[in-house]
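User: Please walk me through this model in short questions and answers. Keep it brisk.

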Amino acid sequence: TVLIQMLWLADNIKHLPKPYYNYYRNASSTTNSLSVASCEKKFKDCCNNTNLIEEFLNEHCCTLFKEDILIRKLLNINLLLPVIYKFSCYLKWRYTYPNIFSQILRLRRISWGVKVKIILAYCGFYPIYHFLKGYKFAK
């Protein structure tokens, strides 16, 4: 969210040929945990960030990034797929962005595999698909 605002306000942008920071990802980090609470927190945080970005872009760029925001919203709701078997999570998944489902099929930048998962989730069949694929559900 902050990066978009910084880039917008920057007078110029330079490319650095090598990184100044080597990012390390800890496999046992809480950000990698798959629990209902962690999925809901990631979902809430990403939705809040998306809303801030959308508000900022609407103020400055009009509709230039409308499809990008739509895709970001789609990515947000997909954070709940591992816990969609919980009815409360399904309701969040279904009603946070209720108008998104009518627009998904026309998005060319979304693969058909993702579209099928969303249709299955929308119809309530995603937990069965998830089970048949052998994926683990969050606890």
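User: What share of the 139 residues of the chain counts as buried?

Analyst: This is a predicted model, where local features need pLDDT of at least 70, side-chain atom pairs count only at pLDDT 80 or more, and totals for chains, interfaces and linings use all residues. Residues are numbered from 1 along each chain as its sequence is written, and side-chain values use heavy atoms, leaving out hydrogens and water. Buried means under 20% relative accessible area, exposed over 50%, partly exposed in between (1.4 Å probe, protein chains only). Of the 139 residues, the buried share is 28%.

User: How many disulfides does the structure hold?

Analyst: A disulfide here is a pair of cysteine sulfur atoms within 2.5 Å. The sulfur of Cys-46 has its closest cysteine sulfur in Cys-47, 7.2 Å away, too far for a bond. For Cys-89, the nearest cysteine sulfur is that of Cys-39, at 7.7 Å. The disulfide count is zero.

User: Is Cys-89 buried or exposed?

Analyst: Cys-46, at 24% relative accessibility, counts as partly exposed. Cys-89 has 0% relative accessibility. Cys-89 therefore counts as buried.

User: How do helix H2 and helix H3 run relative to each other?

Analyst: Helices are DSSP runs (H or I, at least four residues), numbered from the N terminus. H2 (residues 36-60) and H3 (residues 66-78) pack at about 170°, with axes 9 Å apart. Angles run from 0 to 180 degrees between N-to-C directions, with axes fitted to C-alpha atoms over the stretch in contact. Over 145 degrees counts as roughly antiparallel, so H2 and H3 are roughly antiparallel.

Key:
Helices (H or I, at least four residues) and strands (E, at least two) are DSSP runs, numbered from the N terminus. Angles under 35 degrees count as roughly parallel, over 145 as roughly antiparallel, 65 to 115 as roughly perpendicular and the rest as oblique.
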